[in-house]
Amino acid sequence: VQLQASGGGLVQAGGSLRLSCAVSGTIHRVNAMGWYRQAPGKQRELVAVITNGGRTDYADFVKDRFTITRSNAKNTVYLQMNSLKPEDTAVYYCHAEVMDRPLAVASSYWGQGTLVTVSS
């Protein structure tokens with residue numbers, strides 16, 4: 001199983017970016033998917049998660065600015081980031097819990113990270 005993230009880049013404060021992360025490989029079902037971020041010198045932190053059924057949860061610092069969605073048909077998760085702030089600068093990592101066969105315990109996978117830089 002592989003996760004391929006894309007969509008990072010440089011944007012001015014107040015701007016928007018959309019991240020995507022596609023899951024590929026031997027997949028029976030993708031359960032929860034999410035985005036985390038890690039700023040220089042800081043620990044990795046949760047940004048947003050979405051269940052297979054579409055239930056979402058967000059970190060307080062991104063509520064009303066970021067929106068997580070997914071396409072179960074494409075095994076892809078998205079993160080629409082609006083009203084970006086310099087403090088949102090970080091490497092963003094996607095995460096997925098994947099079952100590779102029916103009744104299997106889901107395994108945890110990470111994408112390679114995509115850098116988001118917000119200039120002031």
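Which loop holds R65? Read on to the third view for the setting of this residue; the notes here apply to every view. This is a predicted model, in which local features need pLDDT of at least 70 and side-chain atom pairs count only at pLDDT 80 or more, while totals for chains, interfaces and linings use all residues. Residues are numbered from 1 along each chain as its sequence is written, and side-chain values use heavy atoms, with hydrogens and water left out.

View 1. A nonpolar core here is a set of buried Ala, Val, Leu, Ile, Met, Phe, Trp, Tyr and Cys residues joined through side-chain atoms within 4.5 Å. Buried means under 20% relative accessible area, exposed means over 50%, and partly exposed lies in between (1.4 Å probe, protein chains only). Of the 29 residues in this core, W35, V47, F66, I68, L79, M81 and Y92 touch the most other members. At least two core residues come from each of β1 (2-6), β3 (17-24), β4 (29-38), β5 (45-50), β7 (66-71), β8 (76-81), β9 (90-99) and β11 (114-119). The top contributor is β9, with five residues. Strands are DSSP runs of E, at least two residues long, numbered from the N terminus. As background, nonpolar side chains tend to be buried together in soluble globular proteins.

**View 2. Four strands line up in an open sheet.** Their order is β1-β3-β8-β7, and the pairing is antiparallel. Two strands count as paired if DSSP finds at least two bridges between them. At the edges sit β1 and β7, each of which pairs on one side only. From one strand to the next, the twist averages 15 degrees, taken between axes that are lines fitted to C-alpha atoms, with angles running from 0 to 180 degrees between N-to-C directions. Follow β8 and you will find six bridges to β3 and six bridges to β7.

**View 3. R65 sits in the loop between β6 (56-58) and β7.** This answers the opening question. Is R65 buried or exposed? With a relative accessible area of 10%, R65 is buried. Leaving out residues up to four places away in sequence, R65 touches Q80, M81, N82, S83, L84, K85 and D88.

View 4. The hairpin is formed by β7 and β8, with four residues between them. Both N72 and N75 lie in the loop between these strands. N72 is partly exposed, at a relative accessible area of 38%. Its side chain makes a polar contact with the side chain of R70 at 2.7 Å, and a polar atom of the N72 side chain lies 3.1 Å from the backbone oxygen of N52. A polar contact is a pair of N or O atoms within 3.5 Å; within protein, one must be able to donate a hydrogen and the other to accept it, and residues adjacent in sequence count only if both atoms are side-chain atoms. The C-alpha atoms of N72 and G54 are 9.5 Å apart, although 18 residues separate the two along the chain. Most residues other than glycine have a negative phi. N75, which is not a glycine, has a positive phi of about 50 degrees.

**View 5. One aromatic pair turns up in a search of the whole structure.** The partners are Y36 and W110, arranged edge-to-face, with 4.9 Å centre to centre and 65 degrees between the planes. Rings of Phe, Tyr and Trp (its six-membered ring) pair if their centres lie within 6.5 Å; planes under 30 degrees apart count as stacked, over 60 as edge-to-face and the rest as tilted. The pair links distant parts of the chain, with Y36 in β4 and W110 in β10 (residues 107-110), 74 residues apart. W110 is partly exposed, with a relative accessible area of 38%.

**View 6. L103 lies in the loop between β9 and β10.** Although L103 is not a glycine, it has a positive phi of about 70 degrees. L103 counts as exposed, at 86% relative accessibility.

Key: Contact means heavy atoms within 4.5 Å.
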